[in-house]
Amino acid sequence: MKSMNKSTAALPLHGITVLDLTRILSGPFCTMKLGDMGAEVIKIEQPGTGDETRRWGPPFVKGESAYFLSVNRNKKSVTIDLKSAAGKKILTKLIRNSDVLVENFRAGVMQNLGFGYAKVRTLNPNIVYCSISGYGQSSSRSHKPSYDLIVQGESGLMDITGFPGESPTKAGISLADVNAGNLAFEGILLALLRRQRTGKGGHVDISLLEALLSLFAYQSQIALSSNNPVTRKGNRHPTITPYETYRTKDGFINIAVASEPVWRSFCSTIGRAELAADTRFNSNALRVTNRNALERILIPVLRRKRSRDWLLAFGKNDVPAGKINTLREALETVRERKLVIPITHRSAGRVHTVGNPINLSTTSQAAPPPGLGEHTDEILRRIGYSAKELRKLRASHVV
């Protein structure tokens, strides 16, 4: 199949066709990134309703869900009733003409539809088939429904997030979903690279739970290597200090002292140079051991000045420190890097969205998210359906 437009020819995934049977967040996030890099992404949606997130809101932008707009650029929407015989026939033709298939149904759903990996491989031996699910395709829990919130709790993330003595807290973003989408993107690229070498496709199996646990790094290693409990510590780092959030005269700032030279510079900047030589604090290990004693000294010192004054002072002395931005403020700081990009949507008009942060020598594309079924005729004509056949399919609500 051809790519979305001629301008994508310089992009690394130009010429790759992705059959996108995903919805909500983890799968659409993955396929959007594939589309950003030049792949033609054909998003299969249920006639009349489409991806559930088309209706998730408010907020809506002139009737379009902000949620849907955030993860569905660079895609073509085709509506197919996959439970109908005619719909299955269309999907079979699309599979034979695709390089990648991505799905994020509960494990077993695609097999029940007649399009599990084993069947799809017989239709197209070269296809890269990616499954994203809560617990993976081979777990004793594969059949269970799962959402980001459920996995954040089950992974232990919520148990170590928040302040001591307070309720478990989830991340402020859908971290399990977007991380699984990122890893699916990586897995697909690796499978395509392997296919280039061997000529064979393969199955990429991504579990939200495993994907999230893979991010824990030193926290997991602490749990596996010691008897030290991994517990909620608020904004404190478990193995470094000072490395946390401090109240100033008019707000809060983050300070990250991660080496001995920075510790000495920090002490000098706050006017307490003698702390650098204090035998309770003259190594990071000692500072962690004596954290409470150190905090009793630092907290009143840092509350004497405004955030802006501390940030200027730390900046002059190369001490890592930063303000606590609102999300809107943070998005403004990356406009110079062109991460926030404008797109013109057919009904929402001109809107801004967060683009792809992977900066290559070629620029990623940014076509607006599609309307429901917007590209059905275009794609089905390409695989051999006549205008008469399309009218019949519409009349029977197959597309």
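Buried here means under 20% relative accessible area, exposed means over 50%, and partly exposed lies in between, with a 1.4 Å probe and protein chains only. By that criterion Cys267, with a relative accessible area of 0%, is buried. The model is a predicted one, in which local features need pLDDT of at least 70 and side-chain atom pairs count only at pLDDT 80 or more, while totals for chains, interfaces and linings use all residues. Residues are numbered from 1 along each chain as its sequence is written, and side-chain values use heavy atoms, with hydrogens and water left out.

**Overall architecture**

- The chain has 16 helices and 13 strands, where helices (H or I, at least four residues) and strands (E, at least two) are DSSP runs numbered from the N terminus.
- The C-alpha trace spans about 85 × 45 × 40 Å along its principal axes, and 47% of the 399 residues count as buried.
- Among the contacts with a separation of 6 or more, 69% are accounted for by residues 24 or more positions apart, a contact being heavy atoms within 4.5 Å.

**Packing of H1 against H7**

- The axes of helix H1 (residues 26–36) and helix H7 (residues 175–198) come within 7 Å and cross at roughly 45°; axes are lines fitted to C-alpha atoms, for helices over the stretch in contact, and angles run from 0 to 180 degrees between N-to-C directions.
- H1 and H7 are therefore oblique to each other, since angles under 35 degrees count as roughly parallel, over 145 as roughly antiparallel, 65 to 115 as roughly perpendicular and the rest as oblique.
- On the H1 side the contact is made by Ser26, Phe29, Cys30, Lys33 and Leu34, and the H7 residues taking part include Asp177, Phe185 and Leu189.

**Cysteines**

- Zero disulfides are found in a search of the whole structure, a disulfide being a pair of cysteine sulfur atoms within 2.5 Å.
- For Cys130 the closest cysteine sulfur is that of Cys30, at 5.4 Å, which is too far for a bond; Cys130 itself counts as buried, at 0% relative accessibility.

**Two local sites**

- Pro125 is found in the loop between helix H5 (117–123) and strand E7 (128–133), and is exposed, with a relative accessible area of 52%.
- The C-alpha atoms of Pro125 and Lys200 are separated by 6.8 Å, although these residues are 75 residues apart along the chain.
- Glu64 lies in strand E4 (residues 64–65) and counts as buried at 14% relative accessibility.
- Not counting residues up to four places away in sequence, Glu64 touches Pro59, Leu69, His345, Arg346, Ser347 and Ala348.
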